[in-house]
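We will walk through it piece by piece.

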Amino acid sequence: MDTSIILQMVVSGAFMGLVYALIAYGFQLTFATSKSINFGQGELVMLSAFFSLTLLNLGLPYWLMVPGGLLFGAALGLVVERAGVRLALEQKSEGWILLTIILGLLGFSAAENIWGRDDRPFPTPISADALHVFGINITPLEISVAIGVFLVMGAVELFKRKTLMGKAFEAVSADRDAAELMGISATRTIMLSYGLSGMVAAMAGILISPITTVGPTMASALILKAFAVAVVAGLDSGFGVVLIGIFLGALESLTSFYLGSGWREAPGLVLLILALAVRPNGVFGKSTMRKV
Amino acid sequence: MDFVIPAQAGIQRQKQFREADKTKFSFHLHGTYLIVWIPAYAGMTDFSKYGMGIYDMLKRFLFIRGAEIIALLSLASIPLFVSNSYALGLLTLLAIYGILLIGLDVTVGYLGQVNLAQAAFLGLGAYAAGICVTTFGLGMLSALGVSLLVGLLLGGLLAFPALRLDGPQFALATLSFSALATTVLNEWEGLTGGAQGLSLDRPLLFGILMDAKAFYWLCFIFLALVWLLMRNLLASQWGRAFEALRDSAIATDAMGVGTYRHKVAGFALGSALGGLAGGLYAFNFQYLQPQSFTYDLMVILLLGVVLGGRKSLWGAFFGACLIVLLPNLLSNRLLFELISAGGLLVAIAAAWRGWSSSKRLTFQAVAPIIAMGILVVGGYLVENTENWRKAIFALMLFSVVVGLPDGVMGFAARFLSQLFRISPSELPPASKLEDALPTRQHSGNTLLELQNLKRYFGGVKAVDGVSMKVRAGQIHGLIGPNGSGKSTAVNVISGLYAPTSGEILLQGKALPQGSLFKVARVGVARTFQNLQLFAELTALENVMVALREVYHTPLPLVLLGLAGKEEQRAQADALALLKLVGLEAQARSRAKDLTYGAQRFLEIARALARKPALLILDEPAAGLAHPDVTVLVNIIKSIRECGMTVILIEHHMDVVSELCDVVTVLDGGQVIAEGTPSEVKRNPKVIKAYLGVESEAGLPDAMPQPA
């Protein structure tokens, strides 16, 4: 077997895995503050990508489009929080699972009708011509994905650690009741986390679109793998998602090479179920204690 | 977090006042609002005095059983009058989806979990039947049997990893499972034909070729069977256990009911029905494609269950009607506009009612109006509603989930039973307490012994070498300042935590470690400092679910509805225990509607239903008002008269003094004193532990309360 082919597979898979990691990071943000995640996050990725494409088509330059797309994603995140999550959290029910699925469905239908069902190319100024590094082809596009992922995650982490609002975020994540008693509004912090999570999803959409093209179903496979990464790493594990994302990306790339592209999704799904069975809190997650 | 309790009690009381105000308000403002005034009226007229019990029974029978009989008879007879093949096709689908949704309702309604795998089980069942017929040449009934088994086994298999999970993790596990199932159906081309699909011929049944009419009747018979069996099952201890574990998994284990086995059983059962429906689906369409069983179908199924109404066979049936009619509903413009406008009106009416009673517009009132408004306006604006199918589902589902959480049938059932004054069936007279809670004779031997028990959390030595003996028939107090390790000790004994080291002996035998369920099964029952009631169940059902030595009927007989006698006995026993704690009048109230004090007493009654050898009461007086404390003391006294051995954790020193034969005092995870209450109160070490100073006066009756 040609090791360079395997290596090539692993490396391209790993770049893809970084995008899963980025979306999974978005799950972690909302899970930290509210113990809830947006089951329609894939639609958020897709809608933001479509919106960004529209901005480009309107003649906006690429570098101005990016903040526009991110703002749109953040706005959608806030909508999800208000319409789908807040009520259920107030009632301490798990209605948010159903409601976020429903909102995702609404977004999907809207995208289908507004932008059409076809996949469209997403122009980018970054070159897709391969560079040869140690016998492996790497495109600047792939490198830009990696840079983008780390930039966004770094920026959010800096925000959480260096600003007052970020400190409030950490406080609510650590102990919601105690934070409220200290005068921090949990509701606002949860809104903030959903806004950030929407922004992160939009970034994922913008980064991945030049590679996968934009279409209503672009994120339906993506999101399953992001779920898998988030759960396998642990929904509260911080940077564990990056490692697991890279691992899963490489693994599925190899799987599709050896078993056929139809099996591409399988390893993520199997890993997710296994992880839930063996370590429900994830590989890097802290185990929690049953309390009464 | 002791300090939360009194606050909670306060909020609870405030809530009740608010509820009471609301009732009065709507009574005065809207004389037309039946739901409010009819119960009040019925309360004034005591029918039972005039021998109306039989009349009530008859009415109940006619309405509940009568509706079932009418529905089943008309479904059975429609093909006699209608030979339109399109209508027949719809009816067949209705029967199939009916079975599928009844199965889905077990997990979504009774177990309370978001299950995204039911569409996959439909597909797996369909392919199982198809492959049985095409590859193995099996007959129709055996193929259907295989479909059912495939659902049952795969459902059980998926439930095992999903076992420890709740909420989002469970939903994710089922979501991954469905995606995996679709992948396998697509890619295992040798067996399934892959994306090309699988064609099959409907096999003979007993040598008869099934035409559309005959096949409909077959599907109908299956639906009727499933309906009857599930009705019996869900009304039995099984149904109660499903609901109990939804409300509190910890208490379900601590009451010896077993969370794991019921969760697996419930999920496997629901999946088996999905598989069966799949088999019928295969023989109905005679062509299968993996794409038919994806996420889209799952959302439609959820729409059916949620809109129809959870925890209700009628709801599932109504949901199935809706799913079958949806395509027609969307293609007929006028019908669509009528329905969306009707939905908007209902949403506005509901919001107006809420506004006039509380002068507040809640999210629950406004959001459905917005959603239905979008539906109405959008219905006029877009050219082809079919293209917006998913958005329409989404808007309808959204309105129902937010505004009508009980679904259409849940609402209708409540409304009708109050409109026609259908009272719940009469309860049997309470058993003698002696039958429900046999008196134990004791020689004063040691019942429970802790030997050098330790439990560390990391570096925190919560329990650090506690040894004590609890004698049979005594009330043994366990006291100590906050953080002294009382609750941890009790949690270790009852199996919530495994001990770090040390032995626990019950009647000389080692107690199982680290499993609430196993400890409960050998005769230890407990209450919880932070209440763990089954909130949605009634007080009576809370006690019934925990009863021991009552349920003996094997599952097949339960399914056939032959557990009636046992149910009567369970009700009578549960009533006896409710009477003991003074709650027999509230037997039909839901646990979450009881006052805070009543909830505490209900937990005691529920624990007694285990007929335990040892009863652990974890701060039963916490947060109780003074009159309730007196009631509590009397309850515990009458429990002692039954010969019950009790470990009582308590902060109220007067309660401890009045009740306890022996008191053990913990501090810093270690025993600092043991003796009668008055000895302990004078012990300088105890005084120091509580007050931080040596004092001549002894401990006051009211211990310094936490916050």
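In chain B, β3(B) and β4(B) form a hairpin with 2 residues between them, and G458(B) in the turn has a positive phi of about 60°. Strands here are DSSP runs of E with at least two residues, while helices are runs of H or I with at least four, and both are numbered from the N terminus. This is a predicted model, in which local features need pLDDT of at least 70 and side-chain atom pairs count only at pLDDT 80 or more, whereas totals for chains, interfaces and linings use all residues. Residues are numbered from 1 along each chain as its sequence is written, and chains are lettered from A and ligands numbered from 1 in the order in which they are written.

Strand β3 covers residues 446–457 and strand β4 residues 460–471 of chain B, and the two pair in the antiparallel sense over 9 bridges; to count as a pair, two strands need at least two bridges found by DSSP. One of the places to look is K454(B), whose bridge partner in β4(B) is D464(B). Strand β3(B) is also joined by 5 bridges to strand β6 (residues 501–506) of chain B, and these run antiparallel. There, L450(B) has I504(B) in β6(B) as its bridge partner.

Next, look for a sheet elsewhere in chain B. This open sheet has 6 strands in the order β8-β9-β10-β5-β11-β12, with mixed pairing. Which strands stand at the edges? They are β8 (524–526) and β12 (670–675) of chain B, each with a single partner strand, so one side of each is left without a neighbour in the sheet. The twist averages 20° from one strand to the next; axes are lines fitted to C-alpha atoms, for helices over the stretch in contact, and angles run from 0 to 180 degrees between N-to-C directions. Within the sheet, β9 (residues 614–618) and β10 (residues 645–649) of chain B run parallel and share 5 bridges, and D618(B) stands opposite I649(B) in β10(B). Helix α29 (residues 684–691) of chain B packs on the sheet, where it touches β11 (662–667) and β12, and its direction makes about 130° with that of β12(B).

Now find Y281(B), in helix α12 (residues 259–285) of chain B. Is Y281(B) buried or exposed? It counts as buried because it has 27 C-beta neighbours inside 10 Å; the cut-offs are 20 or more other C-beta atoms within 10 Å for buried, 12 or fewer for exposed, and partly exposed in between, with C-beta atoms placed from the backbone. Beyond its neighbours within four places in sequence, Y281(B) is in contact with I96(B), L122(B) and A126(B), where contact means that C-beta atoms, placed from the backbone, lie within 7 Å.

Finally, turn to chain A. It has 11 helices and 2 strands, which run α-α-α-α-β-β-α-α-α-α-α-α-α from the N terminus on. Its C-alpha trace spans about 60 × 45 × 35 Å along the principal axes, and buried residues make up 51% of its 292 residues.

The two chains meet where 33 residues of chain A are in contact with 41 residues of chain B. Elements giving two or more residues to the chain A side are α3 (62–90), α4 (95–115), α9 (220–233) and α11 (266–278), and α4(A) gives the most, with 12 residues.
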